[in-house]
Amino acid sequence: MKGQIKTAKDIELIAEGGKILRDILLRAAELAEPGITTWRLNEFAEAEIAKAGGIPSFKNYGPKKNPFPAGLCTSVNSQVVHGIPSKFNILKQGDIVSLDIGMEYKKLFTDTAITVAVGRISSKAKLLIETTKKSLDMALKQVRPGNRIGDIAWATQKAAEDEGFSVVRDLGGHGVGYEVHEDPFVPCYGKPGTGPKLQTGMVLAIEPMLCEHEYFLQYEPDGWTISTKDGGLSAHFEHTVAVTDYGCRILT
Ligand code: MG
């Protein structure tokens with residue numbers, strides 16, 4: 001558990017970076033209109049991170065042979081996470097796109113994601129986005145000292161399955177703050193009362209990933225993009241939060 005508990009001072013700095021990052025994400029999301037490329041969204045996000053004095057923490061992340069090439073992940077429709085922005089990927093009416101962004105700021109890391117509609121979308125896609133957001137809200141309600149990771153995981157899963165959606169098994173949230181990814185792993189599914197205990201000072205990236213149909217995943221040939229195997233839609237929301245004596249404090 002070493003390193004998982006952040007000092008009060010570090011949590012304030014994480015909150016400072018988190019607020020900036022969330023603002024950048026929301027402004028990038030406003031640009032997600034029919035006709036724009038995912039490349040352009042990334043260009044905007046990277047420029048804004050630089051302006052803020054931060055470093056895009058996803059850029060160059062991963063294996064030396066094939067590092068992630070961008071500061072923003074753009075995952076469209078059946079893509080779940082880690083979609084690579086591209087000049088050839090032009091968003092069109094009816095798409096849904098998950099925008100996931102991470103930043104190092106004053107040596108501390110935050111991580112946040114949102115899924116947005118491109119123009120008018122189907123009612124099913126709308127319900128998926130709304131349910132994923134609700135799933136995150138329900139998960140955050142479980143964040144308090146003494147609760148366990150399984151309580152967060154269960155709340156995430158229940159909100160999804162109540163609406164007939166599934167949650168991914170192979171990916172999840174994580175500790176964050178001193179590094180991009182830290183322990184503990186925060187699954188999107190689980191049983192109440194199980195897993196590591198939450199303590200004041202822990203900082204977690206909580207990120208429900210919901211699928212329209214089955215939760216089975218596959219990698220695309222680029223080695224990064226993860227999509228649903230059955231081609232169903234997927235949505236993703238994420239906040240970086242701190243466990244406080246009073247419950248959950250959203251830092252992004
Ligand atoms: Mg994350």
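Biologist: Cysteines to begin with. How many disulfides are there?
Modeller: The count comes to 0 disulfides. Keep in mind that this is a predicted model.

Biologist: Is cysteine 188 buried or exposed?
Modeller: Buried, with a relative accessible area of 2%. Cysteine 73 is buried too, at 3%.

Biologist: OK, switching to charges. How many salt bridges does a search of the whole structure find?
Modeller: The search turns up 11 salt bridges. One of them joins the side chains of arginine 249 and glutamate 12, at 2.9 Å from N to O.

Biologist: Where do arginine 249 and glutamate 12 lie?
Modeller: Arginine 249 is in strand E15 (residues 247–250) and glutamate 12 is in helix H1 (residues 8–30), so the bridge ties together parts that are 237 residues apart in sequence. Arginine 249 counts as partly exposed at 30% relative accessibility, and glutamate 12 is partly exposed at 43%.

Biologist: Which partner does arginine 27 meet in a salt bridge?
Modeller: Glutamate 48, at 3.1 Å from N to O. Arginine 27 belongs to helix H1 and glutamate 48 to helix H2 (residues 38–51), so this pair connects parts 21 residues apart in sequence.

Biologist: Is glutamate 48 buried or exposed?
Modeller: Glutamate 48 is buried, with a relative accessible area of 11%. Arginine 27, on the other hand, is partly exposed at 30%.

Biologist: Which residues do salt bridges with shared partners join into one network?
Modeller: Asp23, Arg27, Glu48 and Lys51.

Biologist: Back to helix H1. How far does it reach from its first C-alpha to its last?
Modeller: It reaches 33 Å over 23 residues, close to the 33 Å expected at 1.5 Å a residue. Its buried residues include Ile11, Ile14, Leu21, Leu25 and Ala28.

Biologist: And how does H3 do on span?
Modeller: Its 19 residues should span 27 Å, and the end C-alpha atoms are 27 Å apart, which agrees. Among the buried residues in H3 are Leu128, Ile129, Leu136 and Leu140.

Biologist: Last topic, threonine 112. Where does it lie?
Modeller: Threonine 112 is in strand E5 (residues 108–117) and counts as buried at 0% relative accessibility.

Biologist: What is threonine 112 in contact with, leaving aside its neighbours within four places in sequence?
Modeller: The list includes Leu21, Arg22 and Leu25, along with Ile101, His239 and Thr252. The C-alpha atoms of threonine 112 and leucine 25 are separated by 7.8 Å, though the two residues are 87 apart along the chain.

Biologist: And which backbone oxygen does the side chain of threonine 112 reach?
Modeller: The one of glutamate 238, at 2.8 Å.

Methods:
Residues numbered from 1 in each chain as written. Predicted model: local features only at pLDDT ≥ 70, side-chain atom pairs only at ≥ 80, totals over all residues. Heavy atoms only, no water. Salt bridge = Lys/Arg side-chain N within 4 Å of Asp/Glu carboxyl O. Helix = DSSP H or I, 4+ residues; strand = E, 2+ residues; numbered from the N terminus. Buried < 20%, exposed > 50% of the residue type's maximum accessible area, 1.4 Å probe, protein only. Disulfide = S-S within 2.5 Å. Expected span 1.5 Å × (residues − 1). Contact = heavy atoms within 4.5 Å. Polar contact = N/O pair within 3.5 Å; in protein donor to acceptor, adjacent residues only side chain to side chain.
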